[in-house]
Amino acid sequence: IPILMISAKDTESDKIVGLEMGADDYITKPFQIREVMARIKANLRKVEANMASESVQNNNEDKDNIIKVGDLTLDLKRVEVKVKNEVINLTKKEFDVLKYLASQPGQVVTREMLLRDVWEYEEYVGAIRTIDVTMNRIREKIEKDKANPKILITKRGVGYYVTDKS
């Protein structure tokens, strides 16, 4: 809410002190009521413009926190996954894997890439099966028909990807 200061003190230093104390506008007596009304309206327009700008910024931030690929939606802020608007409960690691794949839809990601980038393993001898087990758990949760997956796809001998088709 804008603060409009009306005062009989009309020196430059009085006006500066009033504005520095937090007033958005400073009017000295005598004044015309139409001028006061015009200043109030001008200040309200500024407030409305700031609110609209903040709303657009918040919308953009929300969009930046959402990854949507086909029927799959990831809300990065809430750490939440939905398939066809149904919330799916995943562990943090399962969410991280799905986020990694969904951020590059259609692109095949190798098991080694997942171990390096999601698990942050520098050496992953013997850990490759961890990926397969995790993928099966994710698939059980997000796929309608696990034997015929539509979202989380295996590229035999290469790796996994999230399809961008519904």
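Reader: Which residues have the most contacts inside the largest nonpolar core?

Author: Those are Leu-72, Leu-98, Leu-114 and Met-135, in a core of 28 residues. Keep in mind that this is a predicted model.

Reader: OK, and which elements each supply at least two residues of that core?

Author: On the strand side, β3 (66-69), β4 (72-75), β5 (80-83) and β9 (159-162). On the helix side, α3, α4 (111-117) and α5 (128-142). Helix α3 gives the most, with six residues.

Reader: Is α3 enclosed or open, then?

Author: Largely enclosed by the rest of the structure, because eight of its eleven residues, in the stretch 92-102, are buried.

Reader: Which ones are buried?

Author: Glu-94, Phe-95, Asp-96, Val-97, Leu-98, Tyr-100, Leu-101 and Ala-102.

Reader: Switching to the outside. Which residues form a nonpolar patch on the surface?

Author: Ile-33, Met-37, Ile-40 and Leu-44 do, with about 350 Å² of accessible area together.

Reader: Where does Ile-40 sit?

Author: In helix α2, which covers residues 33-64.

Reader: Why would those patch positions line up on a helix?

Author: As a general point, an α-helix has 3.6 residues a turn, so residues three or four places apart point the same way.

Reader: And how exposed is Ile-40?

Author: Partly exposed: its relative accessible area is 32%, which falls between the cut-offs of 20% for buried and 50% for exposed.

Reader: Now zoom out. How many helices and strands are there?

Author: Five helices and nine strands. Along the sequence they run β-α-β-α-β-β-β-β-α-β-α-α-β-β.

Reader: What about the overall dimensions?

Author: The C-alpha atoms fill a box of roughly 85 × 35 × 25 Å along the principal axes. The radius of gyration is 28 Å, whereas a compact globule of 166 residues would have one near 15 Å.

Reader: What share of the residues is buried?

Author: Buried residues make up 30% of the 166. The chain exposes about 11,300 Å², and carbon and sulfur atoms supply 49% of that.

Reader: Last one: how many of the contacts join residues at least 24 apart?

Author: 36%, taken among contacts between residues at least 6 apart in sequence.

Notes. Residues numbered from 1 in each chain as written. Predicted model: local features only at pLDDT ≥ 70, side-chain atom pairs only at ≥ 80, totals over all residues. Heavy atoms only, no water. Patch = residues over 30% accessible without salt bridge, like charges linked within 9 Å, V, L, I, M, F, W, Y side chains within 5 Å. Areas by Shrake-Rupley, 256 points an atom, 1.4 Å probe, with all protein chains shown as cover. Salt bridge = Lys/Arg side-chain N within 4 Å of Asp/Glu carboxyl O. Helix = DSSP H or I, 4+ residues; strand = E, 2+ residues; numbered from the N terminus. Buried < 20%, exposed > 50% of the residue type's maximum accessible area, 1.4 Å probe, protein only. Rg over C-alpha atoms; globule rule 2.2 N^0.38 Å. Contact = heavy atoms within 4.5 Å. Core = buried A, V, L, I, M, F, W, Y, C linked by side-chain atoms within 4.5 Å.
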